[in-house]
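Please keep the sequence and the three-dimensional structure side by side while reading. The paragraphs below start with one chain, turn to its contacts with the others, and end with a few single residues.

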Amino acid sequence: MNVAPDKKPGTVISNLSDSYRLSILIFLILALVPVFARYGAEGFILDLVNRAIILALAAIALDLILGFGGMVSFGHAAFIGIGAYITAIMVTEGFGEALIIFPIVVVVSTLFALITGIICLRTSGVYFIMITLAFGQMLFFAASSLSTYGGDDGLTIWGNVTILGSDIFADDVGIFYISLGFLIAGLFLVQTLVGSRFGRVLRAAKENETRISALGYNVLRVRLTAYVIAGVIAGIAGFLHTSQAEFVSPATMRWQHSGELIIMVALGGMGTRNGTLIGAFAYVLLIQALSDFTQDWKLIFGPLMVLAVLSKNGGIGRFFAYVKGGRNRA
Amino acid sequence: MSKEAVIVPEALLKVVDLCKNFGGLRVNADVNFDLFSGECLALIGPNGAGKTTLIHQLSGFFTPDSGTVIFDGRDITHLPVHARARLGLARSFQITSIIPSLSALENVALAVQARTNGSLRLFGIAADEKTLNDQAFEALQMVGFDKQITTIADNLSHGEKRILELAIAIAMKPKALLLDEPMAGIGKHESLRLIEILKSLKSRYPLLLVEHDMEAVFALADRVAVLVYGKIIATGTPDEVRQNAEVKAAYLGESAM
Amino acid sequence: MSTTLFLVQVLNGLQLGVLLFLIAAGLTLVFGVMGFINLAHGVQYMVGAYFAVAFYALTQNFLLTVILASASALLLGLLFEVLIFRHLYDRDHLDHVLATFGIILFLNQATTVLWGPEPLVIPEPDFLSGSIPLVEGLLYPVYRLAIIAVGLAVAGLLWFMVTRTKLGMLVRAGATNLEMVSALGVNIRRLFMLVFGFGAMLAGFAGVLSAPIFSVEPGMGDDILIVAFVVIIVGGIGSIRGAFIAALVIGLVDTLGRSMMTDILKLFMDASAANQIGPALASMLIYVLMAAILFFKPTGLFAPGKTA
């Protein structure tokens, strides 16, 4: 043993400077989108990228529990739905002030995550997958039955989110930069958590839960904390979703939507600094390209997914990480 | 929390009438023994005698059907695993239990972190914390870990992993150590080294040692308890146990007693 | 609500229950024995219904349709097992989820392409058409009664197979200790294939039965899959008995909840509020029930003990 412990060993945060630079590059490119979109089909591109940013925010939150924590949550879209519906309903009822909506979204997401989390996390593995699925579907059906607020058809909001009287949320470029700001903050938050003492325990518990509890950590508490944080971030993504799309439908929380978020995380290589970010944009753009090509794009995408899983031993995540050169791999 | 009644002050770990059944199978039947401060108690017995089941009940992975476990004057029979660890009861596992993707140093630092304030702090880079790393380094030195401390744990040899697990256990600064077959799967040369390491730990921590390797048992143990078919059939000094007729019968052909 | 209406709802609940059981039985066996989480089980139900549409158009004979469509569902299930699933049994759950999700996307779209997005339906068979009076003033469609009867018969048959035959013994043993079964010299691969194909056929059969009463449309298996998950979670994964009891309970609670919740709420609040909240609460009922059961029994009501 010849090295004093001042040099940190190979963890997620090693290679910090490289992946840090990549994050900054991605955000710079995103920040320039409104500028260049002006020369193209402005509305369409801006809208597409903005949607991708909001989905990426939710996917990053999912990566915290799925990629770093090993919890395959199939109900993550439910949190987007919570944020989206609270926002839509409040605007419809005439309370469009973001400073009122936002705290309510955070509190309700926290409560829903706490209650469902305590039940889900006492189980593990396949039970966890199915129970999160069921809770997500519960909200989907509940929203479908809310006839006052659009029911099956969804709810278009007449009016918009304001902040201290400003209409910045209603402006396409304004909401774009607000979303981007949240995405940057979200990534920073998740990365900080992952590298912290808490995050180290979360990552370690994914690999060896027995050892972590034998060290004196309450694994349930650690996972519940991560689950709540991820839920709140997704709730915020829902708040942004309604602000941007000015529309919300039950499909937002359908389990297929949760599945899409899982695909984004897996596509990005799970538990890496920029992977999920890239995975989310790659997914949205790929779907866009495929659906431009044919409206039956699922006939192509479905088999592609199956092949990707079959073709690589470690699954789709490692397959794509390998294609990317595995640079960001932990 | 108010101090609970101290039941038997002299025993650090006291096991009273512990019973455990799986289905119809009686795995532990009225097990009684004490572990005193400053001693090494070895728990021996043929395969399937219920030794690991017993350790699991002491550390909280199984709950006994009846009986009591008292540690440091507190009834811990129904405490969860993590709460027992926090009270200072550390254990190693028969099958090495480490975090494969983390470095050796981080594996031990996790144990240090568990007993510090803010063990689940949400900010700051844990891997860069000098106080944690220094103490982890110290624990690694105590067990004579001689590999690069930044080696990913999964890349260590089996013997090195067992030594790493000992470092993890002592980094918890426990009041007592439960070691479940620390020698399991280790070659002759490495096992001599491990015995030396355990001898050096013996003076610092009360040890409950479950072991098949009789050489290790007689080199380390102050007292030996013999578990056969879930029952303790004899307890005494190594020499007393060696002379015990019942033990001889149980072990006949099992091992060179 | 009148007693007659209540009885009708109980029968509707039982009918939903037996359909759920047919779907959940395969799901719980496949998970119990292979540890495989199959999201594509719901599309097997959908595919069964579409096969029914296709074969009915071809033969105009209901019984023949049932046989041909179920056999086709079995073949499709076996095809998926051989081509895809058997290569994934030893992977982690995330891989199961991703691969089977890909199959859902494909099959939902494929049915849209082949049959169009509009709901389809096949007629009830003549010999089961019409309604019969069960008690004074209660007419109930014969076909729906037949579904209940057939469902119960299949449940009985399954119970017999699982508890009384050698294959059933292996399946039960496989759900608790796979190594032991393999050590007995059983061809595990073939056992898996059988269990999987059988489960797929049951789900397809449920689809065939429901073709005359529900609309056959792309994605019709997606939501019922989640309800089937609720059934096997409540019943305990791997337990046929648990799946049967839970399916009936869930079917009854869901049906009765939807028909009575609003009326019950009207006892506590004004009618317009009850009309709005009632349906939403009713649709959440089975999930709340699931949560409550899991809170006290995290592995469900009848989970078979898993030994190493």
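Two residues are taken to be in contact if their C-beta atoms, placed from the backbone, lie within 7 Å. With that criterion, residues 24 or more positions apart account for 76% of the contacts in chain A that have a separation of 6 or more. The model is a predicted one, and chain A in it comprises 13 helices and two strands. Of the 330 residues of chain A, 57% count as buried.

Helix 2 of chain C, residues 41-59, has 19 residues and reaches 27 Å from its first C-alpha to its last, close to the 27 Å expected at 1.5 Å a residue. Of those 19 residues, 15 are buried, so helix 2 of chain C is largely enclosed by the rest of the structure. Just after this helix, Q60(C) takes a positive phi of about 60 degrees.

The contacts between chains come next. Where chain C meets chain A, the contact takes 37 residues from chain C and 39 residues from chain A. On the chain C side, helix 4 (93-115), helix 9 (220-235) and helix 11 (271-296) each supply at least two residues, and helix 4 of chain C gives the most, with 15 residues. By class, the residues on this side of chain C divide into 27 nonpolar, seven polar and three charged.

Chain A also touches chain B, in a contact that takes 29 residues from chain A and 45 residues from chain B. Helix 6 (172-195), helix 7 (197-207) and helix 8 (209-214) of chain A each supply at least two residues of the side of chain A that touches chain B, and the largest share, six residues, comes from helix 7 of chain A. The residues of this side of chain A divide into 13 nonpolar, ten polar and six charged.

Within chain B there is a further division, into domain 1 (1-88 + 174-257) and domain 2 (99-173). The centres of these two domains of chain B, taken over C-alpha atoms, are separated by 26 Å, and eleven residues of domain 1 are in contact with eleven residues of domain 2. On the domain 1 side, the largest share, four residues, comes from helix 6 (residues 188-202) of chain B, while by class that side has nine nonpolar, one polar and one charged residues.

Which residues have the most contacts inside the largest nonpolar core? That core has 291 residues, and those with the most contacts inside it are A134(A), V108(B), A167(B), V230(C) and V231(C). The core draws at least three residues from each of domain 1 and domain 2 of chain B. Leaving aside residues up to four places away in sequence, V231(C) touches L20(C), A24(C), A243(C), A246(C), A247(C) and I250(C).

Some single residues complete the picture. K130(B) is in helix 4 (residues 130-142) of chain B and is exposed, with 10 other C-beta atoms within 10 Å. The C-alpha atoms of K130(B) and I95(B), which are 35 residues apart along the chain, are separated by 30 Å.

Most residues other than glycine have a negative phi. L164(A), in the loop between strand 1 (155-156) and helix 6 of chain A, has a positive phi near 50 degrees, and L164(A) is exposed, with 8 other C-beta atoms within 10 Å. D72(B), in the loop between strand 4 (66-71) and strand 5 (74-75) of chain B, likewise has a positive phi, near 55 degrees, but with 16 C-beta neighbours inside 10 Å D72(B) counts as partly exposed.

Methods
Residues numbered from 1 in each chain as written. Chains lettered and ligands numbered in written order. Predicted model: local features only at pLDDT ≥ 70, side-chain atom pairs only at ≥ 80, totals over all residues. Expected span 1.5 Å × (residues − 1). Buried ≥ 20, exposed ≤ 12 C-beta atoms within 10 Å, placed from the backbone. Nonpolar A, V, L, I, M, F, W, Y, C, P; charged D, E, K, R; others polar. Core = buried A, V, L, I, M, F, W, Y, C linked by C-beta atoms within 7 Å. Domains from an automatic or database assignment.
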